[in-house]
Amino acid sequence: MKQFSIAPKIITLDSCGEFIDKLGINENDLVITIEVTWSAYFKGIKAGTVIFIENYGSGEPTDEMITRIAADIKKPYKRVIAIGGGTVIDCAKLFALETLLPVTDLFDRKIPAVRDKELILVPTTCGTGSEVTNISILEFKKRHTKFGLASDALYADAAVIVPELLYKLPFKVFAASSIDALVHSVESYLSPKAAPISRMFSLKAMTMILNGYKKIESDGKDALKALLPDFCLASTMAGIAFGNAGCAAVHAMSYPLGAAFHVPHGESNYAMFTGVFKKYMEINPDGAIRELNAAIAAVLGCGAEDVYDELERLLNGSILQKKRLSEYGMTNEMIEEFTDSVIENQQRLLGNNYVFLDRAALIEIYTKLM
């Protein structure tokens, strides 16, 4: 029996001022954010502890980052408020747990994930979807890859959507994050765990994102600000979809690339996206992927047989130029190393593949994208 659920309360607000009025920030709160966001929208607000994530490292969240943040929190707190992108949100989820150190033991399931604090998540990008999922993903430095911890203890009490927080988002950050949401929507649509309701969220999210991209193509980047409420909503919808059905090989294969070369998560997903989906098409073009391709083609105005080439044309021309894996520094000698890392460490994701991809198929995908 397929199941579907939306765990967090989803709150949409027009402004940060409305957020303060309705949810407040007080001395019992641990706030995790970035300094530029706090200074621009929340300066003068008193919180128990405010952590600026950039003081603990740059790029994707890591196990070392969590350990260093924990050492700097001196006051007890009853509520965690995350205001930021995927790095902020994935870190903040862990600080709502009763015990999070050593973080390696937590992710290895040697420590149970038990939440004992309220958790409020406020995204400042339009891609992570993490505000509505029960997953936290960290790069583990000594293991040279990323791992995900999935537990109902990581669901937020409330996900708060405030488009105003994205007004100053650099276009490249918007591009990578929104592509991440697009990948969430298409991977969750094809997942064997997908249910009719989750596919409804997948389809709506990808349609909103692609229509937004077409508007940017026709009207230029200045069109983005008016589109941000739609992109925020689409990201949350995609988060609901993959939170129920899961992501798959695109994410799994992007993790070693992102960890090795510090590629932004959405960008590394884009590097793998069409390579994985073209391989799916070779193996089984007649299943759910046929429906998916028809839906994307209807939005893009092309034939279903051309959907991935047309998608890359749209993205490369107006959103984010796709790179070959070799442009990031990946070498042919790394192909088998990355493949074995995916097989060893990402079975949680590979179990959601549209069709089974064996070691040879993974090697072939990496090779063609070099």
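## Lining of the second largest pocket

The residues that line the second largest pocket comprise five nonpolar, three polar and four charged; here Ala, Val, Leu, Ile, Met, Phe, Trp, Tyr, Cys and Pro count as nonpolar, Asp, Glu, Lys and Arg as charged, and the others, Gly among them, as polar. The volume of this pocket is about 190 Å³, where a volume is the space filled by probe spheres set on grid points that are joined across faces, edges and corners. A pocket is an open set of points on a 1 Å grid over the protein atoms alone, with protein on both sides within 12 Å along at least five of seven lines; a cavity is a set of points where a 1.4 Å probe fits but cannot get out, and lining residues have an atom within 4 Å of a point.

The pocket is lined by Glu-139, Lys-141, Arg-143, His-144, Thr-145, Pro-256, Ala-259, Ala-260, Met-334, Glu-337, Phe-338 and Ser-341. Helix H14 (334–345) and H9 each supply at least two residues of this lining, and H14 accounts for the largest share, four residues.

## Model and overall form

The model is predicted: local features need pLDDT of at least 70, side-chain atom pairs count only at pLDDT 80 or more, and totals for chains, interfaces and linings use all residues. Residues are numbered from 1 along each chain as its sequence is written, and side-chain values use heavy atoms, with hydrogens and water left out.

The protein chain contains 16 helices and eight strands, which are DSSP runs numbered from the N terminus (helices: H or I, at least four residues; strands: E, at least two). Its radius of gyration is 20 Å, close to the 21 Å that the globule rule gives for 370 residues, so the chain is as compact as a globular protein of that length. The radius is taken over C-alpha atoms, and the globule rule is 2.2 Å times the number of residues to the power 0.38. The C-alpha trace spans about 55 × 45 × 45 Å along its principal axes.

## Packing of H6 and H9

Two packed helices are described by the angle between their axes and the distance between the axes. Helix H6 (residues 171–190) and helix H9 (residues 249–261) have axes that come within 9 Å and cross at roughly 135°. Axes are lines fitted to C-alpha atoms, for helices over the stretch in contact, and angles run from 0 to 180 degrees between N-to-C directions. H6 and H9 are therefore oblique to each other; angles under 35 degrees count as roughly parallel, over 145 as roughly antiparallel, 65 to 115 as roughly perpendicular and the rest as oblique.

On the H6 side, Asp-180, Val-183, His-184 and Glu-187 meet Ala-249, Val-250 and His-251 of H9, with contact meaning heavy atoms within 4.5 Å. This contact has three nonpolar, two polar and two charged residues.

## Cavities

Two cavities of 30 Å³ or more are present in the structure. The largest has a volume of about 40 Å³ and is lined by Pro-123, Thr-125, Glu-131, Ile-161, Val-162, Leu-166, Cys-232, Ser-235 and Thr-236. Helix H8 (residues 224–245) gives the most to this lining, with three residues.

The second largest cavity holds about 40 Å³ of space. Among the residues that line the second largest cavity are Ser-5, Tyr-155 and Asn-244, and its lining has five nonpolar, three polar and no charged residues.

## Backbone features

Most residues other than glycine have a negative phi, and most peptide bonds are trans. The peptide bond from Leu-101 to Pro-102 is cis, with omega near -5°; Pro-102 lies in the loop between helix H4 (86–95) and helix H5 (103–107). Arg-109, although not a glycine, has a positive phi of about 70°, and this residue is found in the loop between H5 and strand E5 (118–123).
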